[in-house]
Amino acid sequence: MICDAPISPPQNAHRTWRDAPETPLMVALPAGEFIMGENDGDKFANDTERPSHRVQILPGLALGCYPMTTGEFRHFRPAHAPDDADDLPAVHVNWHDAQAYCDWLRDRTGRAYRLPTEAEWEFACRAGSRTPFSCGDEITPAAANFLLDEYGTRIGVGHRTAVGSYSPNQFGICDLHGNVCEWVGDTWHPNYHGAPADGTAWTAAGDSRQIVRGGAWDYLPRLLRSSWRDWRPADCRADNLGFRVAAVAA
């Protein structure tokens, strides 16, 4: 099945809120168990996505509906990217910046905001699916922001797009495939041997390699798959790398 555009969820099907006008729009997620990692028959799967394994996501999780926007991030750092539109995903933000924003947001609202774990991120991205993309086996530029097809031909817009420009997935969350890669809370492990089964962050003390998920506006479709994973140094800043937040549901 080719994914031209995800099916939009019914109106009011998802519980959303903001703690304040300047804070991210959050979506409450259902609890559940899912298979994390490679999809059977996925020719682009690799050893970093193996072995696939069951993970339990407990009740009470909420995730940002969108990647953190430049406008939202400017409430924390007013001078950030002065030429960027408010509704573009915030980029040139390293992992430490993202953590500092979560700390600031926690102090401002009293809610325990943080980066999502890698398992939480993939659970939200899959939204109940078990295909390479949340909406099917293939994806097109009508459904996500990416630059090249698998033959290297440019087919995308070639820049970030405003958050919410593409339909949400079945959990009501946008831009998990493409637009910008996203920091998560885990440090890098080259495979899933020994990965936690309870959705918690998998970290190694002293390791500065932080996992990124989701793919970006300048990527190939294979790098937008729900199971794709990579890492960047924690101090990396790039024009295709942002983040979104997680929290306890309201």
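**View 1. Antiparallel pairing of strands S4 and S5.** Strand S4 (residues 32–36) pairs with S5 in the antiparallel sense over five bridges; pairing requires at least two bridges found by DSSP between two strands. Within this pair, Gly 32 lies opposite Ile 57 in S5. Strand S5 (residues 53–57) presents a covered face of His 53, Val 55 and Ile 57, and an uncovered face of Arg 54 and Gln 56. In a regular strand, side chains alternate between the two faces of the sheet. The model is predicted, with local features requiring pLDDT of at least 70 and side-chain atom pairs counting only at pLDDT 80 or more, whereas totals for chains, interfaces and linings use all residues. Residues are numbered from 1 along each chain as its sequence is written, and side-chain values use heavy atoms, leaving out hydrogens and water.

**View 2. The open four-stranded sheet.** The strand order is S2-S3-S6-S12, with antiparallel pairing. Strands S2 (16–17) and S12 (246–248) stand at the edges with a single partner strand each, so one side of each has no neighbour in the sheet. Strand S3 (residues 26–28) and strand S6 (residues 61–64) are joined by three bridges, and Val 27 has Leu 63 as its bridge partner in S6.

**View 3. Helix H3.** Nine of the nine residues of helix H3 (residues 118–126) are buried (under 20% relative accessible area, 1.4 Å probe, protein chains only). Among them are Trp 121, Phe 123 and Arg 126. Ala 127, which follows H3, has a positive phi near 50°.

**View 4. Residues 5–12.** Here pLDDT (the predictor's confidence in each residue, from 0 to 100) stays under 50. The chain average is 95.

Terms used: Helix = DSSP H or I, 4+ residues; strand = E, 2+ residues; numbered from the N terminus. Buried < 20%, exposed > 50% of the residue type's maximum accessible area, 1.4 Å probe, protein only. Contact = heavy atoms within 4.5 Å.
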